[in-house]
Amino acid sequence: MTSSNNDPEYERHRHQIDDARLAHSEWRSYIDFANEAAISLTATATKAFLLINGGAAIAMLGFVATVSNGSGPLALNISASIGALVWFAWGVLAAASCSGLAYCVMYLQVAVASNVTYTWEHPYIVGKPISRGLRWFTDAVHITTVLTGVASLVFFWLGVSDIAGAVTDSPLKGTGAEAK
């Protein structure tokens, strides 16, 4: 190959190298952007899951304390409200698990994206053999992470349902129907 700027083969090769460099740069930029966005969104979602369930548990404890000391109009059966607290605790555990698993997903995504070979010929970026197994495992952990986030919301709903049932089934004080 000659180094003449008029040689069509040289020009084609030079353009191919430029295209490869651009593809490599875009791939690295994509990895950086996706990782930053995933970290930000995951942090927001897991904080929301923790706040929802933790806040509900604290609010429920305050409510139960108010009702049980006799200052409220309900005669709430305390044991009936324990189930709600358990559901909220499971929700907090699921949210914390979601957060930990989300970190694993992000770590694995970087591992998948990093296990490539940069080439000077199209497609310019080729996954290494380990990438297929890593991608499968990453997808499995990702699905598990989403399911733990959904579980956190389901546990919140179950806790709210339990406390709503306990309140609905509680008689009003002064009606003659109080629990003895």
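Helices (H or I, at least four residues) and strands (E, at least two) are DSSP runs, numbered from the N terminus. With that in hand, colour the chain by secondary structure: you will find three helices and two strands. Starting at the N terminus, their order is α-α-β-β-α.

A quick note before you go on. This is a predicted model, in which local features need pLDDT of at least 70 and side-chain atom pairs count only at pLDDT 80 or more, while totals for chains, interfaces and linings use all residues. Residues are numbered from 1 along each chain as its sequence is written, and side-chain values use heavy atoms, with hydrogens and water left out.

**Stop 1: the largest pocket**

Select Trp27, Tyr30, Gln109, Val112 and Ala113, the closest to the centre of the largest pocket among its 17 lining residues. A pocket is an open set of points on a 1 Å grid over the protein atoms alone, where a 1.4 Å probe fits, with protein on both sides within 12 Å along at least five of seven lines; lining residues have an atom within 4 Å of a point. The volume here is about 370 Å³, meaning the space filled by probe spheres set on the points, which are joined across faces, edges and corners.

Now show helix H1 (8–68), helix H2 (78–114), strand S2 (125–127) and helix H3 (129–168): each supplies at least two residues of this lining. The lining of the largest pocket has ten nonpolar, five polar and two charged residues. In this count Ala, Val, Leu, Ile, Met, Phe, Trp, Tyr, Cys and Pro are nonpolar, Asp, Glu, Lys and Arg are charged, and the others, Gly among them, are polar.

**Stop 2: the second largest pocket**

Next, pick Thr42, Ala102, His142, Thr145 and Val146, which lie nearest the centre of the second largest pocket, out of 15 lining residues. H1, H2 and H3 are the elements that give two or more residues to this lining. The second largest pocket has a volume of about 230 Å³, and its lining has nine nonpolar, six polar and no charged residues.

**Stop 3: a residue inside**

Go to Asn53 in helix H1. Is Asn53 buried or exposed? At 0% relative accessibility, Asn53 counts as buried, a term for under 20% relative accessible area, with exposed over 50% and partly exposed in between (1.4 Å probe, protein chains only). Across the chain of 180 residues, 28% count as buried.

**Stop 4: a residue in helix H2**

Finish at Val86, which sits in helix H2. Val86 is partly exposed, with a relative accessible area of 40%.
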